[in-house]
Amino acid sequence: MLNKYPLWKNLIIVFALIIGFVYALPNFFPDDYAIQVTGARGSTEVDQRVLDQALGALESRGIEVKDSTLEDRNALIRLSSSDDQLRARPAVQAVLGNNYLVALNMAPSTPQWLRSLGAGPMKLGLDLRGGVHFLLEVDMETAVGQRLEALSGQIKRELREERIRYRGGDVQGDREVVLSFRDTEARSEAFDLVRRQYTEFLMDESSEDGEFLITLTLSEAEVRSIQEYALEQNLTTIRNRVNELGVAEPLVQRQGADRIIVELPGVQDTAQAKRVLGATANLEFRMEARQDTSSVETEEFSFRDTPQRNARLERDVIATGNNVANAQQAFDENGQPQVNITMDSVGGDLMNRATRNSIGRRMAVLFIEFRTETETREVDGEIQETEKRVVEKGLISLATVQSALGSSFRITGLDSIPEAAELALLLRAGALAAPMYFVQERTIGPSLGQKNIDAGVASVAFGFALVLLYMLVFYRGFGVIANVSLTLNLMLLLACMSILSATLTLPGIAGIVLTVGMAVDANVLIFERIKEELKTGASPQSAINSGYGRAFVSIFDANITTLLVAIILFAMGSGPVKGFAITLCIGILTSMFCGLVVSRAIVNVVYGGRRVEKLSIGGKLANA
Amino acid sequence: MPDTQKQPFDFMGLRKIASVFSIFLIVASIALLGVRGLNYGMDFTGGTSVELEYAEAPALDEIRAALTDAGYEQFVVQNFGSDTTILIRMAEAENDQLAREISDLLTSASGADLELVGSEFVGSQVGEELKEDSGLGLLIALAVVLIYVGMRFQFKFGIASVIPLAHDVIIVLGVFALFQWTFDLTVLAALLAVIGYSLNDTIVVADRIRENFRKMRVGEPWDIINESIHQTIMRTLNTSGTTLVVLLALYFFGGEAINNFAIALIIGVVVGTYSSIYVSANMLMVMGVTREDLMVPAKEGSSDESEEEQPPEWLNRM
């Protein structure tokens with residue numbers, strides 16, 4: 001029994017450890033305080049001139065600049081302290097104006113040679129770096145309701161075009177549209193038409209009080225796809241808006257079927273963030289009602305800026321803001337402001353169908369806003385506040401259709417350039433497909449973040465030191481080996497987290513601490529086994545060999561089951577629990593590698609290939 | 001086995017006392033959960049919390065008075081970590097602007113120098129869902145363990161490892177109910193980690209029992225289990241030792257936010273160590289595990305040696 005690893009095996013282990021060392025290294029360089037300058041729009045370039053302007057502003061205020069770099073689409077200015085950072089931001093913003101966004105950031109100070117290897121530090125979670133966390137819920141009822149309204153409008157329009165006479169068509173409940181007809185003939189024609197073109201409905205015929213009805217029910221699959229679409233659309237819109245906030249490294253992510261997580265590191269002013277994110281607005285295009293249209297099919301709205309002006313519109317919605325692909329403010333031949341709109345293909349189609357028979361009539365653009373309103377009332381001398389969700393609809397334009405519209409058209413008749421610009425921006429930035437509400441919110445101040453980091457580092461350091469001591473006392477020489485492999489384990493854990501660019505959170509640090517405590521388990525098992533073998537009279541070399549061999553099965557089973565639990569924790573958990581589960585999972589894997597392979601390699605180097613009289617493994621029997 | 005070795009400590013001799021003890025703990029825990037219930041944290045109930053850092057330690061009564069004057073109800077004001085840090089918790093789960101309002105109110109009411117260091121708002125529906133998902137998570141974890149151990153070992157071992165896990169979880173919950181410590185998401189994570197830890201322990205003991213059943217041709221299950229526990233006791237204690245040591249570090253240095261997490265794990269590790277020795281082995285005795293349960297099906301041309309679980313071949317290549 002020689003206990004020697006072949007050279008190649010040792011080389012592989014050394015190689016793995018070197019890689020681990022290199023990728024763990026960036027975590028030991030502290031982040032620099034920095035401000036980041038980006039263009040407010042995608043087309044705005046950040047060039048040397050802009051950077052010089054910013055640097056000039058900082059110099060005039062006596063703020064020391066450590067370093068400045070110009071990257072692809074942004075500029076990064078490194079500063080020496082948090083105070084400088086807070087003073088620098090308004091100074092630079094003031095010089096650069098509204099075309100540029102200046103955000104607070106923490107810039108990793110990883111040396112160039114490490115960065116060229118793709119190494120970088122772990123990302124810090126919000127609880128460690130400060131910032132706000134929002135959980136938004138998409139109002140799916142409204143999403144489905146809006147779609148149902150739009151479909152029912154479309155169907156009725158088509159019935160009219162095909163000259164199929166219907167008596168009424170109303171949305172009923174949250175899934176159904178009921179069309180009613182005078183006779184079975186019209187009904188069966190309509191039935192065929194709808195069945196041909198609207199596969200998203202399940203259809204049912206019935207009759208009641210001399211009326212012949214078709215009940216259209218949205219299929220489950222269609223409801224799901226509407227909801228999926230609403231969520232995806234809202235995600236995109238929220239991303240656009242977050243970019244407008246000018247936050248460095250924001251996170252926008254869907255969670256489950258109807259929720260969106262938004263994390264904004266460094267942001268402290270939640271009120272502003274919420275105003276921008278929560279502005280749930282949408283647009284509807286509708287025709288102005290004819291004089292003779294029955295009042296059941298019309299609705300009256302007032303203008304947003306002049307509430308005394310009213311207009312009567314058809315109930316049917318031609319298209320919504322979701323169908324707008326692009327919108328630009330421009331001028332018409334007479335120098336009057338206008339908005340050029342490009343619809344997506346569906347929108348273009350709808351628009352064309354609706355307008356080709358309506359030249360000379362007026363089309364309205366209706367602005368819809370969902371807000372949460374606080375209502376204060378006095379009840380029995382007590383002031384009570386209640387939250388209400390209100391929908392506000394207002395006209396923003398009413399313009400004459402000059403010709404049949406296609407996918408590109410323009411809205412004229414706007415009063416002013418700002419009005420046109422605002423309309424274009426709203427159309428372009430993307431409307432939310434469905435309203436959203438804040439269901440969870442967490443703010444972590446920067447001082448709290450630093451406190452959490454300090455606490456985390458302290459507990460890892462103390463825990464680690466105590467385990468080292470424990471192992472040294474109990475297992476002497478082998479304890480040293482276990483300690484070396486534990487240290488390497490911690491290094492590999494950091495390296496894996498950095499390579500996967502996993503986010504480190506406070507519970508994540510707790511996971512690391514726990515890993516430190518449990519990682520030595522493999523070595524404890526092995527060492528106890530070696531002691532046992534020695535007790536039964538085995539020679540040191542064969543005791544080492546069978547100690548490692550026999551303990552393997554226990555270690556494997558025990559770790560796999562723990563890993564399973566950790567994976568469940570990861571899959572089921574949210575937020576903080578996930579951070580804990582990730583470090584636990586990675587920790588289990590690196591512990592197995594270090595406990596079994598690395599410690600064996602060290603034992604082999606120390607004891608292998610020679611005659612050994614006794615092992616330094618602690619306990620009476622081993623040394624007897 | 002050399003004759004000089006002293007008689008193994010009779011672990012199984014204490015099994016009756018241990019059973020009574022465990023059953024008592026479980027009944028007491030369930031009763032506590034039923035009567036007092038868990039003090040759910042905001043993660044589960046929904047609500048608002050505000051963490052304020054004062055320049056000088058404020059009087060909690062004044063803060064309470066200021067809040068009452070402003071018409072707030074159902075709130076808790078407490079120190080958090082240090083006497084200059086104040087945590088205010090409210091049941092209100094509808095108004096997402098509350099944190100800002102409160103910090104403004106206290107600034108204007110007392111004129112004190114304070115900073116809003118953190119705030120949290122959880123809608124009540126989110127909390128409700130989380131509660132359901134969490135319970136489901138625990139059950140799935142237990143089911144997966146049962147299946148894996150049942151496959152790797154044998155069905156009786158599967159039962160004998162899941163019961164101790166449930167035992168540990170219930171007791172930790174019982175202690176949380178008894179002291180009315182806040183049960184939040186981190187404690188839930190700790191609970192799942194306890195499952196992982198206790199399982200680790202149980203498996204190591206079970207593994208040795210399996211090995212000894214195959215190796216020792218004589219002796220009753222009683223003796224074999226006793227011997228197995230004896231052989232693994234040092235490992236069990238040492239691993240618990242190192243784990244407890246880091247958890248104490250976490251408890252004392254990890255900060256207020258992680259305290260309950262550390263407490264849950266400390267209790268869990270202690271109970272888990274005990275349960276892997278007594279509950280698990282006891283279950284095996286009760287279910288009457290036999291040598292036949294664990295015999296590797298005889299393969300053709302297999303030698304005696306192969307009855308021992310061998311490390312897989314790839315390990316030797318590692």
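Two strands are taken to pair if DSSP finds at least two bridges between them. In this predicted model, such a pairing crosses from one chain to the other. Strand E22 of chain A, residues 436-444, is joined to E5(B) by five bridges. The two strands run antiparallel. Within this arrangement, Glu441(A) stands opposite Phe121(B), a residue of E5(B).

The contact between the chains involves 66 residues of chain B and 60 residues of chain A. On the chain B side, several elements each supply at least two residues. Two of these are strands: E2 (47-54) and E5 (114-122). The helices are H4 (98-110), H5 (124-152), H7 (185-215) and H8 (221-253). By class, the side of chain B that touches chain A has 36 nonpolar residues. Another 18 are polar, and 12 are charged.

Chain B contains 12 helices and six strands. Its length is 318 residues, of which 45% are buried. Contacts were also examined by sequence separation. Among those in chain B between residues at least 6 apart in sequence, 79% join residues at least 24 apart.

Chain A is assigned four domains. Domain 1 is made of two segments, 7-26 and 447-623. Domain 2 covers 32-107, domain 3 covers 141-223 and domain 4 covers 281-435. Taken over C-alpha atoms, the centres of domain 1 and domain 3 of chain A are separated by 66 Å.

Note on methods:
Residues numbered from 1 in each chain as written. Chains lettered and ligands numbered in written order. Predicted model: local features only at pLDDT ≥ 70, side-chain atom pairs only at ≥ 80, totals over all residues. Helix = DSSP H or I, 4+ residues; strand = E, 2+ residues; numbered from the N terminus. Buried ≥ 20, exposed ≤ 12 C-beta atoms within 10 Å, placed from the backbone. Contact = placed C-beta atoms within 7 Å. Domains from an automatic or database assignment. Nonpolar A, V, L, I, M, F, W, Y, C, P; charged D, E, K, R; others polar.
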